[in-house]
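Visitor: I would like to learn how to read residue contacts and aromatic pairs in a model. Please show me the structure and start with contacts.

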Amino acid sequence: KKIYFSISEEKDICDPAEYDNGYGSSVWEINNQAISMTTFCKKDNKDFYIISATPTTKEGSDFIVNTFMKHTGDVQVEGSGYNFPVSANGFTKVWNNKSANALQV
């Protein structure tokens, strides 16, 4: 399983040409903990730009998953120029579900 964060906006939030083979890297903060992230940038057919990020390492992924599992309120996420809360409510149940359904937040 992998955890991803995706941001979609109808403005230039990233430039796909600046990403090497579509991939980039940056440091995001999850509850003030720096995590190395592999990032992706694309433009869809409706002029929306999408940034997607996933932890680069297993340790980063484990930290994020454990943070969401331990919290009952919001987890603060900061990356790619954005700062936003993500509710941790229901995360553990969805994460532990054996189905392939994606958690959308």
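Visitor: Which residues is I7 in contact with, leaving aside its neighbours within four places in sequence?

Guide: In this predicted model, the contacts of I7 beyond those neighbours are I13, W28, Y49, I50, I51, Y82 and F84. I7 itself lies in strand β1, residues 5-9.

Visitor: Does I7 count as buried or exposed?

Guide: Buried means under 20% relative accessible area. I7 has 9% relative accessibility, so I7 counts as buried.

Visitor: How is a pair of aromatic rings described?

Guide: By the distance of the centres and the angle of the planes. The structure holds 6 aromatic pairs. One of them, Y23 with F40, is edge-to-face, at 4.9 Å centre to centre and 65° between the planes. This pair links distant parts of the chain, 17 residues apart: Y23 belongs to strand β2 (residues 23-30) and F40 to strand β3 (residues 33-43). With 47% relative accessibility, Y23 counts as partly exposed.

Visitor: What is the geometry of the pair F91 and W95?

Guide: F91 and W95 are stacked, with 5.5 Å centre to centre and 15° between the planes. Both residues sit in helix α2 (residues 91-96), and because they are 4 residues apart there, about one helical turn separates them. F91 and W95 are both buried.

Visitor: Which aromatic cluster includes F91 and W95?

Guide: One cluster is formed by F5, W28, F68, F91 and W95. W28 is also among the contacts of I7.

Visitor: Which residue lies over the face of W95?

Guide: K1 does, at 5.2 Å from the ring centre.

Technical notes: Residues are numbered from 1 along each chain as its sequence is written. This is a predicted model: local features need pLDDT of at least 70, side-chain atom pairs count only at pLDDT 80 or more; totals for chains, interfaces and linings use all residues. Side-chain values use heavy atoms; hydrogens and water are left out. Helices (H or I, at least four residues) and strands (E, at least two) are DSSP runs, numbered from the N terminus. Buried means under 20% relative accessible area, exposed over 50%, partly exposed in between (1.4 Å probe, protein chains only). Contact means heavy atoms within 4.5 Å. Rings of Phe, Tyr and Trp (its six-membered ring) pair if their centres lie within 6.5 Å; planes under 30 degrees apart count as stacked, over 60 as edge-to-face and the rest as tilted. A charge sits over a ring if NZ of Lys or CZ of Arg is within 6 Å of the ring centre and within 35 degrees of the ring normal.
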